[in-house]
Amino acid sequence: MLCLTLFFGFAAPVSATDYNKRSLVGEDFSGKDLTDSSFSSANLRNANFKNASLQGVTFFSANLDSANLEGADLRYATLGSARLSRANLKNAILEGAFATNARFKGATIEGADFTDVLLRRDVQEELCERASGTNPTTGRKTRETLFCS
């Protein structure tokens with residue numbers, strides 16, 4: 001595996017992959033480390049990302065309709081203009097993600113952590129209508145991370 005030496009002498013694996021504009025319908029990425037990979041404009045309908053490490057991943061304009069993201073770590077991911085309709089985000093961590101113009105119509109968000117996620121106000125209100133649970137990793141309540149009243 002290739003390594004990149006950082007400023008402080010630490011080595012980190014270089015594993016980011018470019019999946020941009022690919023048709024990956026139903027693909028199984030469950031449990032994989034896809035940190036910093038890019039799926040911009042990819043068709044990921046029904047893809048399985050259960051328990052995957054997706055930190056810093058770009059899903060800009062991706063179709064994640066009915067994708068399984070249960071337990072996925074999406075910290076600091078780019079979800080701008082992504083379609084997450086009917087996606088399973090149960091217990092996912094989205095902390096710090098950029099999700100402006102993302103669509104979550106019918107998504108399962110029980111236990112999802114939306115701390116510091118950039119959302120449109122109408123999307124936030126829609127998510128609050130069905131927000132419930134506590135994230136088992138961060139211990140944060142979904143409703144509180146969405147600032148639901």
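The protein has 149 residues, of which 42% count as buried. Its secondary structure consists of two helices and two strands, arranged from the N terminus in the order β-β-α-α. Among contacts with a separation of 6 or more, 8% are accounted for by residues 24 or more positions apart. The accessible surface amounts to about 7,700 Å², and carbon and sulfur atoms contribute 49% of it.

Confidence was examined for the whole chain and by element. The mean pLDDT of the protein is 92, with 90% of the residues reaching 70 or more. Among the elements, helix 2 has the highest mean pLDDT, at 98, whereas strand 1 (residues 3–5) has the lowest, at 38. Over residues 1–14, pLDDT stays under 50, and the model has 13 contacts beyond four places in sequence for this stretch. Where pLDDT is low, predicted coordinates should not be read in detail.

Helix 1 spans residues 121–128, and its buried residues are V123, Q124, E126, L127 and C128. The cover over these buried residues includes helix 2 (142–145). In an α-helix, residues three or four places apart point the same way, because there are 3.6 residues a turn.

F104 is placed in the loop between strand 2 and helix 1. This residue counts as buried because its relative accessibility is 1%, and the cut-off for a buried residue is under 20%. Leaving aside residues up to four places away in sequence, F104 touches L84, S85, L89, A99, F114, L119, V123, E126, L127 and R130. Of these contacts, V123, E126 and L127 are also among the buried residues of helix 1. F104 and E126 are 22 residues apart along the chain, and their C-alpha atoms are separated by 8.4 Å.

S40 also lies in the loop between strand 2 (11–13) and helix 1. With a relative accessibility of 16%, S40 is likewise counted as buried, since this value falls under the 20% limit. The residues touched by S40, not counting those up to four places away in sequence, are N20, K21, T58 and F60.

Conventions:
Residues are numbered from 1 along each chain as its sequence is written. This is a predicted model: local features need pLDDT of at least 70, side-chain atom pairs count only at pLDDT 80 or more; totals for chains, interfaces and linings use all residues. Side-chain values use heavy atoms; hydrogens and water are left out. Buried means under 20% relative accessible area, exposed over 50%, partly exposed in between (1.4 Å probe, protein chains only). Helices (H or I, at least four residues) and strands (E, at least two) are DSSP runs, numbered from the N terminus. Contact means heavy atoms within 4.5 Å. Accessible areas come from the Shrake-Rupley method with a 1.4 Å probe; for residues, only the protein chains shown count as cover. pLDDT is the predictor's confidence in each residue, from 0 to 100.
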